[in-house]
Structures are given as C-alpha cells and as structure tokens.
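Please look over the sequence and the model together before reading on.

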Amino acid sequence: MDLTRLEEIIGKEPSFRKKQVNLAVFEELIETWSLAKTLPLSLREVLDKECPLFINAQANISKDSVKAVVELDDKARIETVLMMHKDKRNTVCVSSQAGCPLGCSFCATGRSFKRNLNVWEIVQQVLFFARFLKPKRVTNVVFMGMGEPFLNYDNVIEAIKIINNDLKIGARHISISTVGIVEGIEKLAKENMQINLAVSLHAPNDKLRSSLMKVNDKYPISMVLKAVDEYIEKTKRKVMIEYILIKDVNDSDLCAKELAALIKKPLYFVNLISYNPTGIFSPSDRIKAFKKILDDKGLPVVIRHRFGRNIKAACGQLE
Ligand code: SAH
Ligand code: SF4
C-alpha cells in the first residue's frame with residue numbers, strides 16, 4: 001500500500017476518519033476496506049481501489065515458527081518469520097531491506113541486495129502475522145530479518161512508530177539488531193525511544209572480525225563499542241552483544257576470554273547464537289564451554305533459542 005496516497009485520501013476527510021482507519025486496519029485487522037463498517041461506502045470503494053490491504057505472502061508453517069515469503073510490487077521477495085515461544089510470546093522477525101549489501105561471509109542474506117524497504121513494506125510484515133494470529137497477538141518485534149536496519153534508518157524508525165502507536169506493541173518489546181553502523185547507533189541514542197539495541201559483534205578482535213565481516217574495515221570494533229558506550233550513557237538501556245559461534249573460527253577459549261575483557265561493562269550482555277549452516281562453516285559444539293568462560297568472568301550471557309531451522313527461517317538463512 002502507498003501510505004502517502006492513503007494520507008492524501010484521508011486528509012480530505014473529516015479529522016476523525018484517521019482514527020477510524022487506524023482502528024479498522026491495526027486493531028480490527030480488516031483485510032479489505034469493504035469490512036471497514038465505520039467508513040462511508042464511497043470511501044471504502046476508493047480505498048479498495050487505491051490502497052488495497054491485501055498482503056501478497058505465502059506462509060510456511062512448522063511446529064513453533066512460521067516463515068512468510070512476501071512478494072512486493074516490483075516482484076522483489078523478502079522473508080519474515082514468526083516465532084511462537086512456549087511462554088506465549090509471539091515474536092515477529094522483520095526484514096528492513098530486500099537482501100543486504102554488507103555481505104557478511106556467514107550470512108545467506110548478504111549474498112545479494114536489491115533495495116531498501118519502504119515503511120509500509122516493513123509494517124505489513126507485522127500486520128501479516130497479527131492477522132494470522134488473531135485473536136492472539138504479536139507481542140514482540142525484532143529487526144533481525146533480511147538487511148541492515150541502520151542502512152534504512154528513517155523508514156525503520158517510521159515503521160517502528162506505527163508498530164508502536166497503531167499496532168500497540170510496546171517499545172520495550174521492539175529490538176533493532178545492527179552490524180554496528182555507528183551513525184545509526186548515534187541517531188538512535190537521540191530518539192528518546194524505549195526500544196532495545198543489539199549489536200552483531202561475532203569476533204573479539206579486528207583481524208578476525210574483518211575476515212568475517214567486511215563492514216568491520218569501515219567500522220572497527222573500537223568505533224562500534226565507543227558508540228555503544230555513548231548510547232548506554234545517554235539512554236541507560238541495556239545493549240545486547242550478539243555472537244555467533246562458528247566451529248574453529250571464533251569459538252576458542254581464547255576468543256571467550258578476549259570477548260569478556262572487551263565488553264565486561266555495565267549494561268552490556270551477550271547473546272550466544274549457534275551458527276546456522278549457510279553453505280560455508282560449521283556450527284560450533286562449544287557453546288556451553290564458551291558460555292561458562294563468560295559466566296566465570298561475570299559477564300551476563302544467554303544462549304539464543306533456535307527457531308525455524310527446518311524451514312530455513314533461522315538467523316542468517318533468509319535469502
Ligand atoms: N543486519 C543486522 C540484522 C539482521 S541479521 C545484523 O547483522 O545484525 C540478524 C542476526 O543474525 C545477526 O546477529 C546476524 O549476525 C545473525 N546471523 C547471520 N547469519 C547467521 C547464521 N548463519 N547463523 C546464525 N546467525 C546468523
Ligand atoms: Fe547483512 Fe546482517 Fe547478514 Fe551481515 S549478518 S550480511 S549485516 S543481514
């Protein structure tokens with residue numbers, strides 16, 4: 001849907017229409033304007049023609065997760081994943097770009113890049129699963145799907161505002177994961193939003209990190225962590241450091257000790273992620289041993305629960 005066109009049409013209507021439209025789309029979760037009973041028939045007809053609510057997505061359902069492949073107007077395809085936790089949380093993992101230009105060596109998404117997503121293309125991923133789950137609700141949203149959110153900063157922030165204000169998902173339940181685009185971290189610190197920040201580190205020194213992630217040449221670890229320190233200083237919010245464990249690459253005891261020395265600071269915590277196969281590399285079997293070293297050093301650390309590997313919907317497998 002073209003949100004600007006929607007605003008144009010609603011802008012010509014009495015001011016209470018906007019609220020009626022938001023209620024119908026984001027709370028009643030109507031799938032066609034003909035169901036928007038509070039709107040006059042003529043307006044519904046115009047909206048059905050000019051701003052269709054149809055989302056062109058195919059769902060692939062497994063036991064605890066659902067992957068949806070969304071086809072956009074220009075035929076670009078993106079993927080979005082719903083994770084249904086045992087504790088009743090329903091988390092949607094959204095994409096911010098079609099593909100990703102950063103090409104990290106372990107990530108299938110980074111093998112091609114098409115374009116940034118617009119605001120509606122981001123919001124509709126959450127809306128799709130809100131409709132799917134009804135009467136249950138989406139409780140959390142993570143920007144950990146395809147793409148680097150901070151390379152599409154303005155649209156991501158605008159989408160978060162809609163997800164927060166209209167879909168009524170609390171800011172504290174929304175997270176952005178970045179590879180460490182420093183300007184994005186700096187801007188987010190100034191937004192005064194209560195959302196969560198996660199940073200993909202994956203290596204405790206520049207040599208190793210650059211060999212896995214080309215982006216480290218532009219934003220080396222010291223620059224990224226300086227931005228994180230300033231973010232924490234300003235927002236007083238916790239920051240999650242993501243670390244994928246890849247066999248014989250970054251999973252040694254030495255790496256764990258180096259990591260602990262690097263980031264043992266207030267409000268930092270580590271999320272250990274097992275590597276999901278994408279062609280090269282193998283998953284590490286040392287995740288517990290690695291965690292123990294961080295635990296012993298007093299660094300808060302959790303192991304990420306794995307969803308969706310069997311439907312190729314796990315971290316790094318979206319392509
Ligand atoms: N571009 C952002 C957000 C999308 S990726 C980022 O990189 O942070 C979301 C998470 O999945 C990141 O932590 C990323 O490093 C991780 N990831 C990528 N490929 C993976 C793989 N093969 N196995 C496990 N995690 C992976
Ligand atoms: Fe892009 Fe993130 Fe994948 Fe790297 S890990 S290629 S930044 S999506």
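How many residues of domain 1 are in contact with residues of domain 2, and how many of domain 2 are involved? The domain assignment of the chain, automatic or from a database, gives domain 1 (3-50) and domain 2 (57-311), and nine residues of domain 1 are in contact with eleven residues of domain 2, where contact means heavy atoms within 4.5 Å. The centres of the two domains, taken over C-alpha atoms, are separated by 34 Å.

This is a predicted model, in which local features need pLDDT of at least 70 and side-chain atom pairs count only at pLDDT 80 or more, whereas totals for chains, interfaces and linings use all residues. Residues are numbered from 1 along each chain as its sequence is written, chains are lettered from A and ligands numbered from 1 in the order in which they are written, and side-chain values use heavy atoms, with hydrogens and water left out.

The second largest pocket lies between the domains, because domain 1 (3-50) and domain 2 (57-311) both give residues to its lining. A pocket here is an open set of points on a 1 Å grid over the protein atoms alone, where a 1.4 Å probe fits, with protein on both sides within 12 Å along at least five of seven lines, and lining residues have an atom within 4 Å of a point. The second largest pocket holds about 430 Å³ of space, a volume being the space filled by probe spheres set on the points, which are joined across faces, edges and corners. Of its 20 lining residues, Leu-3, Leu-6, Glu-7, Lys-18 and Ile-162 lie nearest the centre. The elements that give two or more residues to this lining are α1 (3-11), α2 (16-27), α4 (119-133) and α5 (153-165), and α1 gives the most, with six residues; helices (H or I, at least four residues) and strands (E, at least two) are DSSP runs numbered from the N terminus.

Within domain 2 (57-311), Ser-65 is found in strand β2 (residues 65-71). Ser-65 is buried, with a relative accessible area of 0%, buried meaning under 20% with a 1.4 Å probe and protein chains only. The C-alpha atoms of Ser-65 and Met-84, 19 residues apart along the chain, are separated by 5.8 Å.

Asn-271, in strand β11 (residues 268-274), is also buried, with a relative accessible area of 5%.

Methods. Buried < 20%, exposed > 50% of the residue type's maximum accessible area, 1.4 Å probe, protein only.
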